Amino acid sequence: MVAPTTNQDDMHGEVYFPSAETIAQANVPNYLALREEALADPVAYWDKRAKELLDWIEPYDQVLDDSNAPFYKWFTGGKTNLVHNALDRHQNTAVRNKQAMIWVGENGDVRTFSYRQLWQEVNRFANVLKGLGVKKGDTVTIYMGRVPELPMAMLATLKLGAVHSVVYGGFSSTALASRIEDAQSKVLITCDGAWLRGKVIKLKDIADEALSSEAGKVVENVVVYQRTQHEVNWIEGRDHWYHDLSDGVSKVCDTEVMDSEDPQFILYTSGTTGRPKGVLHTCGGYQVYTATTLKYVFDVKPEDVYWCAADPGWITGHSYIVYAPLLLGATNFIYEGAPNFPDPGIWWRLIEEWGINILYTAPTAIRGLMRFGDEHPNASDLSSLRLLGSVGEPINPEAWKWYYNVIGGERCPIMDTWWQTETGGFMITPTPVVPLKPGSGTLPFTGISADVVRPDGTSCDANEDGYLVVKTPWPGMARTVWGDPDRFVDVYWSTFADQGWYFTGDSAKRDEDGYFWIIGRMDDVIKVSGYRLGTAEVEAALGSYPDVAESAVIGVPDELRGNVIHAYCILNQGLEGSDELAAILKKHVRHEVGPIAMPSKITFVDSLPKTRSGKIMRRLLKAEAMGKPLGDTSTLAN
């Protein structure tokens, strides 16, 4: 294993070193020394963080219970509730009068909430859900646009001890229905519609279509927040306007006391079988981990205005829009619209107008805005920015340097974070005091023991590609797959079962300085614009079209989106492919899965490369598409 070094004289390649001022002002100026301490005794380290950052309703009696690995438990015996720490406890301090949330709509609407006001609105929402019979242990599915009521709905669900399942508002009715069925949610919270690039996304219509399936037998009540005010279909007795339900409802609501290991939320992530996995996070360890990572990595200070430009429907939004900022008492900025609407300068004007200090976004957005040149950012005063961040996929060095030079004015360190839905928070990341290399996530976070290994478990040499693994448990880790513990073991813990390591599914390498460089997925999951899509889910959508006999999809690197989807389709006998049919199939996938899954290219073929056991060799398709050598074809049947 390569020993990490951050000694300026010993480092290799292009390195950006933090200024003395940055180090002096950091929340954790001794971070690199703290890493060594945490690796030596991670249990003691997490014990300190849990006591430092959270208020426990009842103290825990054990930090880590590893008696039933890989079903680890953290802070056992402790009683807590995330809402207690994110909102309730702040009502007894000066934080209650501080701005918790600044929200700007795509049309220029502005809504702000102090910690006191947000607490009251969450209490009111919780009482609405309680009135519909929601109680501890129930699941609630949330399918909304990027409005303040989305995080309110999430917090209100947790306040009652219920479990939320947020489905991103860009997913189709089929995807929504499958997630409702799996979670068995009796309540669905949605909007009449959402604004995106000046157009209405008709979320209620999509929800209605989802509920016309078996999912409709599960859901008893649909709560609809009115955003776009267009006409919607209505089923009396099932559908309820939120403004009607909440009118006159009390803004005081007791917070349910939860065990540290009680379920907190499910978030579905694509799997290679085509059936999405409901990743489960619990109440105690997740809080400790997200609060610690945000405080250390983004160096959040009381006076900061912090903007994570993701959607609350993804894990980035869960951890670093809704939860960790509130746990730390931060001021959170949320923008409803797209990065380039109404024009490519909107983000930069918002940063100037609101004095935003920290911006955390995806390489896709950075590359997309970089295409419009320096004119738009240069037209705004970005001097309030202190830190920048990147999430979702590896950022290419060219985009990193533009982000650093043009947006950050050569003074803002870039926190290039690698992590997953399953990890709950940052895993490989710098902090402001760590030397940076464009394109590298730098080092594992404090308390995280990660490595790049060969199939036999031996550590790779410097610059050798291998399997990215995590060798020891951490508090933010997922506890299981909802309703399917065997799948949890099989997907994440079986590859290196003898060693007891978590396999991330990603390939990576470490350089001479021990810095980690993420390469990409090793399984059949494609990252498009930072979002993970299972090949099987897209192939199933193609296969549901009558003319398609079989298909295979691959991800091909794309300068703007990270990857785009190329599909190969075998048509039923006697049919011939055409541009017209390709366009129809693209629209079909969009309808079945969502816009993010729509192939950029469809090629009609007579056969697909397969192993003798019948497994499609997508590796060969990708090599051919990229004009690369095919490599080992010894297992190829045809």
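**Entry: T429.** I looked up T429 and found it buried, with a relative accessible area of 0%. Buried here means under 20% relative accessible area, exposed means over 50%, and partly exposed lies in between, with a 1.4 Å probe and protein chains only. T429 sits in the loop between β20 (414-416) and β21. Helices (H or I, at least four residues) and strands (E, at least two) are DSSP runs, numbered from the N terminus. Which residues does T429 touch, not counting residues up to four places away in sequence? I noted Y31, V297, D416, T417, G441, T442, L443 and F445. Contact is heavy atoms within 4.5 Å.

**Entry: ground rules.** The model is predicted, so I note that local features need pLDDT of at least 70 and side-chain atom pairs count only at pLDDT 80 or more, while totals for chains, interfaces and linings use all residues. Residues are numbered from 1 along each chain as its sequence is written, and side-chain values use heavy atoms, with hydrogens and water left out.

**Entry: L54.** Next I went to L54, in the loop between α3 (42-53) and β1 (62-65). Is L54 buried or exposed? L54 counts as buried, at 6% relative accessibility. Leaving out residues up to four places away in sequence, L54 touches R49, N85, R89, G284, Q287, V288 and L327. I also checked L54 against M522: they are 468 residues apart along the chain, and their C-alpha atoms are separated by 37 Å.

**Entry: α3 on α10.** I stayed with α3 and looked at its packing. Two packed helices are described by the angle between their axes and the distance between the axes. Axes are lines fitted to C-alpha atoms, for helices over the stretch in contact, and angles run from 0 to 180 degrees between N-to-C directions. α3 and helix α10 (residues 283-297) pack at about 85°, with axes 10 Å apart. That makes α3 roughly perpendicular to α10. The cut-offs are under 35 degrees for roughly parallel, over 145 for roughly antiparallel, 65 to 115 for roughly perpendicular, and oblique for the rest. From α3, the residues Y45, W46, R49, A50, E52 and L53 meet V288, Y289, A291, T292, K295 and Y296 in α10. By class, this contact of α3 with α10 has eight nonpolar, one polar and three charged residues. Ala, Val, Leu, Ile, Met, Phe, Trp, Tyr, Cys and Pro count as nonpolar, Asp, Glu, Lys and Arg as charged, and the others, Gly among them, as polar.

**Entry: α13.** How many of the eight residues of α13 are buried? Eight of the eight are, so α13 is largely enclosed by the rest of the structure. The buried residues of α13 have a cover that includes α12 (346-354), β18 (358-361), β19 (387-390), α15 and β29. I then took the α15 side. Helix α13 (residues 363-370) and helix α15 (residues 397-407) pack at about 75°, axes 10 Å apart. α13 and α15 are therefore roughly perpendicular to each other. I366, R367, L369 and M370 in α13 meet E398, A399, W402 and Y403 in α15. The residues of this contact divide into six nonpolar, no polar and two charged.

**Entry: strands.** I traced an open sheet of four strands, in the order β21-β22-β24-β25, with antiparallel pairing. Two strands pair if DSSP finds at least two bridges between them. The edge strands are β21 (450-453) and β25 (516-521), each pairing on one side only. The twist averages 45° from one strand to the next. Strand β24 (residues 502-510) and β25 pair over five bridges. A508 has I518 in β25 as its bridge partner. Elsewhere, β28 and β29 form a hairpin with three residues between them. Ten bridges join these antiparallel strands, β28 and β29. D558 stands opposite G562 in β29.

**Entry: α19.** In helix α19 (residues 618-625), I found R618, L620, L621 and A623 buried. The buried residues of α19 pack against α17 (535-543), β28 (548-558) and β29 (562-571). Just after α19, G627 takes a positive phi of about 70°.

**Entry: cysteines.** I searched the whole structure for disulfides and got zero. A disulfide is a pair of cysteine sulfur atoms within 2.5 Å. C412 is in no disulfide either; the nearest cysteine sulfur, that of C308, is 17 Å away. C191 is buried, at a relative accessible area of 0%. C412 is buried, with a relative accessible area of 0%.
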